[in-house]
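Let's walk through this one together, question by question. Have a look at the fold before reading on.

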Amino acid sequence: MDIEQKQAEHIEFFVKQGSALKGSALTSVIVEATSHPSLFAFSEILSVPSVLELEGTENSVYLDLLRLFAHGTWSDYKSIAGHLPQLVSAQALKLKQLTVLTLADTSKVLPYDQLMQELDVTNVRELEDFLINECMYVGIVRGKLDQLKRCFEVQFAAGRDLRPGQLGNMLQTLTDWLTTSDNLLVSIQEKIKWADTMSESDRKHRKEVEERVDEVKKSLSLKETTPYWLR
């Protein structure tokens with residue numbers, strides 16, 4: 001079973017759980033979801049009405065926690081840790097895995113120094129073990145560890161939840177790309193038309209030259225066959 005299918009099944013399970021509960025009963029569902037070793041997408045859970053109703057209540061920190069796992073990184077957590085429930089070890093691991101996905105989305109070559117800083121890892125051996133055992137083996141990223149260049153070359157990374165407003169930016173980027181593609185297509189069509197026109201012009205010119213050559217040949221042939229006293 002591939003990672004996308006697993007994700008869909010886990011998401012469906014937690015959405016159903018969240019939809020059936022309210023208030024403080026949702027806190028355990030959120031902790032379980034953010035601790036689950038195979039769940040890396042949370043926007044569908046965030047959109048459950050009963051989960052959104054936590055806003056402004058005594059349990060709103062759990063809604064903030066879920067938003068952190070949907071869009072944030074380990075560094076984000078450290079900056080607001082005092083305002084969130086303390087993470088259990090499984091949650092800390094998950095957030096560091098998600099941090100790698102965020103970094104991989106911004107660059108396909110990740111320096112070891114940057115990764116160690118973002119993940120609070122103290123040495124290269126620990127970092128490489130994390131990337132191999134907790135990221136590549138899990139299937140959320142694929143890539144090459146380059147010890148000589150001290151970097152991780154990303155070949156594939158699973159996508160994270162879209163941030164609010166990010167979809168609009170993506171749609172604008174696609175619109176711009178389509179516009180550029182349309183303009184390029186028009187330019188190509190014009191060049192093809194110009195090439196066809198030149199080809200037709202060359203064909204006509206070649207035909208005219210061939211006709212003139214034939215006329216000259218006929219004229220020369222006639223002169224050769226006519227007696228000199230009749231010329």
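Buried residues (under 20% relative accessible area, with exposed over 50% and partly exposed in between, using a 1.4 Å probe and protein chains only) make up 31% of the 231 residues in the protein. This is a predicted model, where local features need pLDDT of at least 70 and side-chain atom pairs count only at pLDDT 80 or more, while totals for chains, interfaces and linings use all residues. Residues are numbered from 1 along each chain as its sequence is written, and side-chain values use heavy atoms, leaving out hydrogens and water.

Q: How many helices and strands does the protein have?
A: Helices (H or I, at least four residues) and strands (E, at least two) are DSSP runs, numbered from the N terminus. Along the sequence they read α-α-α-α-α-α-α-β-α-α-β-β-α. That comes to ten helices and three strands.

Q: Which residue in β3 is the bridge partner of Gly-143?
A: Two strands pair if DSSP finds at least two bridges between them. Strands β2 (residues 141–146) and β3 (residues 151–157) pair in the antiparallel sense over six bridges. In β3, Gly-143 is partnered by Val-154.

Q: Which residue in the hairpin of β2 and β3 takes a positive phi?
A: The hairpin has four residues between its strands. The phi in question is near 55 degrees, and it belongs to Arg-150.

Q: Is Leu-184 buried or exposed?
A: Leu-184 lies in helix α10. Its relative accessibility is 53%, so Leu-184 counts as exposed.

Q: What is the relative accessible area of Asp-214?
A: Asp-214 is found in helix α10, residues 166–225. Asp-214 is partly exposed, at 39%.
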